[in-house]
Amino acid sequence: MVPEYVLPDGSSLMTTPVRKILIAEDDRLLMRASSAALRRHGFEVVAAVDGEEALAMALSAAPDLILLDVIMPKLDGIEVLSRLKAEPATASIPVIMLSNLGQPRDVEEALAAGAVAYCVKSDLRGDELAAKVTAVLDQA
């Protein structure tokens, strides 16, 4: 939904819709830092701390994009990604995988499972994360 604001003269101003990002990350410090960076760039952020919660949140929150950690409790990120892509309600949501595993085999596995991008967390600052999210959403 696009918010509408009524100006003092009675005219309205339509604003761009706020895009919702689901962050699935079990490291709470990293989740808070990533959430804060995305919020500073105008995104709404919802969070999950394990794979099962990520699947449930993807269905209930209807995010525009998912940032998904590879190594998480309950279900790992690759399994979550596979299930998201198999579910019609979530199959079209772009997913960016986040991990400290940066071997070519890890990247290839995530991209083959349906991720649109793969970022190594230790190489990524908050502003870079927000720029990557914006770029992926603008391509969608």
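Predicted model: local features only at pLDDT ≥ 70, side-chain atom pairs only at ≥ 80, totals over all residues.
## Inside strand S6

Ser-99 is found in strand S6, which covers residues 95-99. Residues are numbered from 1 along each chain as its sequence is written, and side-chain values use heavy atoms, with hydrogens and water left out.

Is Ser-99 buried or exposed? With 2% relative accessibility, Ser-99 counts as buried (buried is under 20% relative accessible area, exposed over 50%, partly exposed in between, using a 1.4 Å probe and protein chains only). Skip its neighbours within four places in sequence, and Ser-99 is in contact with Asp-69, Val-70, Tyr-118, Cys-119, Val-120 and Lys-121, where contact means heavy atoms within 4.5 Å.

Ile-96 also sits in S6, and its relative accessible area is 0%, so Ile-96 is buried. Leaving out residues up to four places away in sequence, Ile-96 touches Leu-65, Ile-66, Leu-67, Leu-68, Val-116, Ala-117, Cys-119, Lys-132, Val-133 and Val-136.

## The whole chain

Zooming out, the protein has five helices and seven strands. Reading from the N terminus, the elements go β-β-β-α-β-α-β-α-β-α-β-α.

What share of the 140 residues is buried? The figure is 39%. As for contacts between residues at least 6 apart in sequence, 54% of them join residues at least 24 apart.

## Two helix pairs

Two packed helices are described by the angle between their axes and the distance between the axes. Take helix H1 (residues 28-40) and helix H5 (residues 126-139): they pack at about 60°, with axes 9 Å apart. (Axes are lines fitted to C-alpha atoms, for helices over the stretch in contact, and angles run from 0 to 180 degrees between N-to-C directions.) H1 is therefore oblique to H5. On the H1 side the contact uses Ser-34, Ala-37, Leu-38 and Arg-40, and on the H5 side Gly-126, Asp-127, Leu-129, Ala-130 and Val-133.

How about H2 and H3, at what angle do they pack? The angle is about 25°, with the axes 9 Å apart, so H2 and H3 are roughly parallel to each other. (Under 35 degrees counts as roughly parallel, over 145 as roughly antiparallel, 65 to 115 as roughly perpendicular, and the rest as oblique.) From H2, the residues Gly-51, Ala-54, Leu-55 and Ala-58 meet Val-80, Arg-83 and Leu-84 in H3.

## Positive phi in two loops

Ala-62 isn't a glycine, but its phi is positive, at about 50°. You'll find Ala-62 in the loop between helix H2 (51-61) and strand S5 (65-69). With a relative accessibility of 52%, Ala-62 counts as exposed.

Lys-74 is another non-glycine residue with a positive phi, near 70°. Lys-74 lies in the loop that runs between S5 and helix H3 (77-86). Its relative accessibility is 59%, so Lys-74 counts as exposed.

Notes
Helix = DSSP H or I, 4+ residues; strand = E, 2+ residues; numbered from the N terminus.
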